[in-house]
Amino acid sequence: MKVAMLYGVKDLRIEEVDIPKPKLGEVLVKVKAATTCGTDLKIFQRGYVEKIIKLPTIFGHEWAGDMAEVGEGLDWPKKGMRVRGGNSAPCLRCVMCQKGNYNLCEDMIWLWGAYAEYIKVPARMVSVNMQPVPQHISYEEAAITEPLACVLHGVEKAGIKMGDSVVIIGAGPIGLLHLLSVKRMGAEKTIIIDLVDERLEFAAKLGADHIINPQKTDSHIAVRQLTGGYGADIVIEAIGLPSTWEQALKLVRKGGTILEFGGCPPGTEIKVSTEILHYGETTVMGAFHATPLHFRKALNLIASGTIDVKPLVTRKMSLNEIREAFEILSTSKTEIKIAINP
Ligand SMILES: [Zn+2]
Ligand SMILES: [Zn+2]
């Protein structure tokens with residue numbers, strides 16, 4: 001089968017490998033769509049933590065497809081079913097899992113290998129993080145379950161309430177998924193900040209109430225003006241840079257919440273004023289990944305039409321064109337997610 005193998009930074013090669021054989025409890029899925037992700041782009045451009053991705057590996061982690069082969073010992077799923085699965089499966093046994101923090105599992109299985117004709121799914125993932133995909137949604141939409149699950153985990157933690165004003169820093173795929181989610185949760189005013197006008201216009205089309213380009217407008221002053229002088233109830237950072245993590249601290253109201261969502265490069269730190277924590281009673285929180293429950297919810301929200309992720313797929317390409325796809329994502333101002341159809 002044809003696969004896109006990642007060897008290192010910007011070193012992605014199309015190769016032929018044997019189709020894997022599913023063993024006890026495992027399944028083999030024919031990948032029908034795999035979507036590109038901000039994390040993929042980061043890994044392609046600068047590398048990532050080895051605990052999560054060991055190179056070389058077949059790349060890609062957002063996928064959906066058809067059940068091609070079912071290993072021994074399984075009553076479910078059945079051959080031919082449309083499914084999505086992964087990209088993580090917690091152990092359910094470690095202290096984090098037993099405390100309910102499945103996303104922080106000490107023994108997490110991570111699954112890479114979506115940019116391929118077939119993907120073999122480990123037994124644990126089949127039982128804790130795989131769902132049937134309803135007929136009426138596309139494989140591309142089903143693949144977006146993964147990033148939406150992560151976003152749901154974040155917005156639930158941040159406790160968005162009806163009537164809240166929400167600032168989102170970053171209008172990339174993750175910022176836009178936050179926008180779609182917080183609007184559904186009843187945010188009254190959404191303000192999105194990005195340096196690229198084309199992205200801001202796209203966010204406005206998806207329903208952002210206000211857009212700010214900090215190269216043209218002081219975002220601090222603009223957010224104060226739009227929130228009656230106080231700052232936003234919730235500020236979400238969806239870029240992953242220490243500078244924007246710090247910027248988020250300046251846009252929140254007293255008693256508000258900052259969700260630092262974007263993962264920063266390893267070893268980085270930010271400065272937080274003691275005043276905003278003490279006198280301002282500000283809550284600063286991080287969010288990482290998602291639990292199996294969030295994956296289930298995310299797919300259901302896509303399937304019910306509650307969150308329409310279709311507009312986020314701005315281009316479709318073949319597996320042979322994968323390098324080109326990442327070049328496009330590195331430079332383009334208008335592409336959000338590319339669906340790879342192997
Ligand atoms: Zn992703
Ligand atoms: Zn665990």
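Where is the place of L206? This residue is taken up in the second view below, after an overview of the chain.

The views show a predicted model, in which local features need pLDDT of at least 70 and side-chain atom pairs count only at pLDDT 80 or more, while totals for chains, interfaces and linings use all residues. Residues are numbered from 1 along each chain as its sequence is written, and chains are lettered from A and ligands numbered from 1 in the order in which they are written.

View 1. The chain is divided into domain 1, made of residues 2–144 + 309–341, and domain 2, made of residues 151–286, with bounds that come from an automatic or database domain assignment. The C-alpha centres of domain 1 and domain 2 lie 29 Å apart. To the contact between them, domain 1 gives 10 residues and domain 2 gives 10 residues, where two residues are in contact if their C-beta atoms, placed from the backbone, lie within 7 Å. On the side of domain 1 that touches domain 2 there are 5 nonpolar, 3 polar and 2 charged residues; here Ala, Val, Leu, Ile, Met, Phe, Trp, Tyr, Cys and Pro count as nonpolar, Asp, Glu, Lys and Arg as charged, and the others, Gly among them, as polar.

**View 2. The surroundings of L206.** L206 has its place in the loop between α7 (197–205) and β13 (210–212); helices (H or I, at least four residues) and strands (E, at least two) are DSSP runs, numbered from the N terminus. L206 counts as partly exposed because it has 19 C-beta neighbours inside 10 Å, given that a residue is buried if 20 or more other C-beta atoms lie within 10 Å of its own, exposed if 12 or fewer, and partly exposed in between, with C-beta atoms placed from the backbone. Not counting residues up to four places away in sequence, L206 touches L176, L179, L180 and P311. From C-alpha to C-alpha, L206 and A142 are 19 Å apart in space, and in sequence they are 64 residues apart.

**View 3. Helix α1 and its packing against α12.** Helix α1 covers residues 38–46, and G38, T39, D40, I43 and F44 are buried in it. The elements that cover these buried residues include β2 (11–16), α6 (173–184) and α12 (322–331). α1 and α12 pack at an angle of about 95°, with their axes 11 Å apart; axes are lines fitted to C-alpha atoms, for helices over the stretch in contact, and angles run from 0 to 180 degrees between N-to-C directions. The two helices α1 and α12 are therefore roughly perpendicular to each other, on a scale where angles under 35 degrees count as roughly parallel, over 145 as roughly antiparallel, 65 to 115 as roughly perpendicular and the rest as oblique. L41, F44 and Q45 of α1 meet F326, L329 and S330 of α12 in this contact, whose residues divide into 4 nonpolar, 2 polar and no charged. Just after α1, G47 takes a positive phi of about 85°.

**View 4. The crossing of α5 and α11.** Helix α5 (residues 145–158) packs against helix α11 (residues 292–303) at an angle of about 115°, and their axes are 8 Å apart. That angle makes α5 roughly perpendicular to α11. The contact is made by T145, L148, A149, L152 and H153 on the α5 side and by H294, F295, K297, A298, L299 and I302 on the α11 side. By class, the residues of this contact divide into 7 nonpolar, 3 polar and 1 charged.

View 5. Most residues other than glycine have a negative phi, and most peptide bonds are trans. The peptide bond from L55 to P56 is cis, with omega near -5°, and P56 is found in the loop between α1 and β4 (57–58). The bond from W76 to P77 is cis, with omega near 0°, and P77 lies in the loop between β5 (62–70) and β6 (82–85). L92, in the loop between β7 (88–89) and α2 (95–98), has a positive phi near 70°. H289 has a positive phi near 55° and is placed in the loop between β16 (283–286) and α11. H289 is buried, with 21 other C-beta atoms within 10 Å, whereas L92 counts as partly exposed, with 14 C-beta neighbours inside 10 Å.
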